[in-house]
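Below is a short note for a colleague who has not looked at this structure before. Please read the points with the structure open.

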Amino acid sequence: MKNRFFLSLALLGMCAMNAMAGTGDLNDDGQLNVGDVATLYGAILVGDNNSKYDLNLDNQVNVGDVATLYQYIINGVPDDPAPEYLVGGDISMLNKYLDAGAHYNDADSNYIKDPLPWFGQAAGWNAMRVRLFVNPANATDAQKKEGVVQDLDYVVKLGKQIKDAGYQFALDLHYSDTWADPGKQNIPAEWKSIATVNGLADKVYSYTTEVLQTLKAAGAPPDLVQTGNEITYGMLWPTGHVYADGGAQAGGSWDYFMLYLNAAAKAVREQCPKAKLILHVEMARNTNPAAFFKTADSRNADYDVIGLSYYPSYH
């Protein structure tokens with residue numbers, strides 16, 4: 001059985017999840033070789049304690065990690081490396097807030113000059129999520145005020161900051177110009193002229209491919225990719241409108257929905273083969289997650305991580 005992991009997405013945060021340890025490609029060139037050893041030695045010499053260099057997961061970056069890396073190079077990376085926990089949050093609005101002059105303070109009211117490294121140093125985070133809309137310029141003024149502002153340029157900049165700071169980067173693809181959730185999964189305005197479900201699936205594939213290629217070129221390849229946001233009732237309505245238990249809604253079907261999911265997954269596997277693929281659902285009904293993944297598994301959906309929105313006031 002394929003190993004899968006669990007991710008809880010709270011109101012604004014990403015709670016503890018079980019993920020995989022680093023695979024040794026420390027210079028992100030897609031290969032495992034002496035170039036990675038040189039990168040690791042460089043990190044040790046300058047005292048860089050970025051968690052990606054902690055290959056043996058002892059919370060230190062030292063020669064022990066070099067020994068582990070040599071083992072990876074000689075013998076290959078284990079199929080099931082030791083697990084690590086990712087703890088973090090959704091920081092999609094961080095740059096927008098900072099640009100507007102927001103100040104961050106710690107629990108003792110001390111001013112935090114640069115919040116991004118502080119999240120890791122003081123709060124213990126090691127992962128960050130950022131949402132992406134297809135074209136948030138098409139959102140209403142009210143939606144923009146709520147936070148629908150993350151276009152690709154914005155996400156590239158913030159994603160690069162996240163990676164440069166040593167965090168894992170989780171990309172939340174909405175496949176919409178605005179909020180996508182159990183009550184709405186609206187097709188992006190520029191995609192509405194696509195006449196067939198196969199054409200729409202092709203667009204999902206080409207769009208996802210373009211996004212990931214752009215992020216990689218900028219030095220911000222995501223470590224986790226969420227293909228859709230709260231997709232318990234499908235995505236890209238009306239044709240992708242479904243019930244969690246396998247039923248269809250208002251002109252949609254699981255056949256069409258799976259076309260879209262498979263297209264997204266194909267792009268992720270091709271462009272970011274090391275990234276973990278997240279299917280993200282919610283609990284408008286407490287039975288939704290189990291029903292959704294039972295249906296998805298029966299259709300051989302491709303994913304690594306179960307993402308679940310958790311709202312304490314409701315659940």
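1. Ala139 is buried, at a relative accessible area of 8%; buried means under 20%, exposed over 50% and partly exposed in between, computed with a 1.4 Å probe on protein chains only. This residue sits in the loop between strand S6 (127-132) and helix H5 (141-146). Helices (H or I, at least four residues) and strands (E, at least two) are DSSP runs, numbered from the N terminus. Setting aside neighbours within four places in sequence, Ala139 contacts Lys144, Val148, Asp177 and Thr178, where contact means heavy atoms within 4.5 Å. Ala139 and Ala189 are 50 residues apart along the chain, and 9.7 Å separates their C-alpha atoms.

2. A word on the basis of these values. The model is predicted, with local features needing pLDDT of at least 70 and side-chain atom pairs counted only at pLDDT 80 or more, while totals for chains, interfaces and linings use all residues. Residues are numbered from 1 along each chain as its sequence is written, and side-chain values use heavy atoms, with hydrogens and water left out.

3. Helix H1 (residues 34-46) packs with helix H2 (residues 63-75) at about 175 degrees, their axes being 10 Å apart. Axes are lines fitted to C-alpha atoms, for helices over the stretch in contact, and angles between N-to-C directions run from 0 to 180 degrees. H1 is therefore roughly antiparallel to H2; angles over 145 degrees count as roughly antiparallel, under 35 as roughly parallel, 65 to 115 as roughly perpendicular and the rest as oblique. On the H1 side the contact is made by Val34, Asp36, Val37, Leu40, Tyr41 and Ile44, and on the H2 side by Val63, Asp65, Val66, Leu69, Tyr70 and Ile73. By class, this contact has 10 nonpolar, no polar and two charged residues. Ala, Val, Leu, Ile, Met, Phe, Trp, Tyr, Cys and Pro count as nonpolar, Asp, Glu, Lys and Arg as charged, and the others, Gly among them, as polar.

4. Helix H7 (residues 197-217) and helix H8 (residues 254-271) have axes 8 Å apart and an angle of about 25 degrees, so H7 is roughly parallel to H8. The residues that meet include Leu200, Val204 and Leu212 in H7 and Leu259, Ala263 and Val268 in H8. By class, the contact of H7 with H8 has 13 nonpolar, five polar and three charged residues.

5. How many aromatic pairs does a search of the whole structure find? There are 10, where rings of Phe, Tyr and Trp (its six-membered ring) pair if their centres lie within 6.5 Å, and planes under 30 degrees apart count as stacked, over 60 as edge-to-face and the rest as tilted. Trp118 and Phe119 form an edge-to-face pair, 6.0 Å centre to centre with 70 degrees between the planes. Trp118 is partly exposed at 27% relative accessible area, whereas Phe119 is buried at 10%. One aromatic cluster is formed by Trp254, Phe257, Phe292, Phe293 and Tyr303.

6. Some backbone details deserve a check. Trp237 and Pro238 are joined by a cis peptide bond, with omega about 10 degrees; Pro238 belongs to the loop between strand S8 (224-227) and H8. Asp28 has a positive phi, near 55 degrees, in a residue other than glycine, and lies in the loop between strand S2 (13-20) and H1. Ser109 has a positive phi near 70 degrees and is placed in the loop between strand S4 (104-105) and strand S5 (111-112). Asp28 is partly exposed at 48% relative accessible area, and Ser109 is exposed at 59%.
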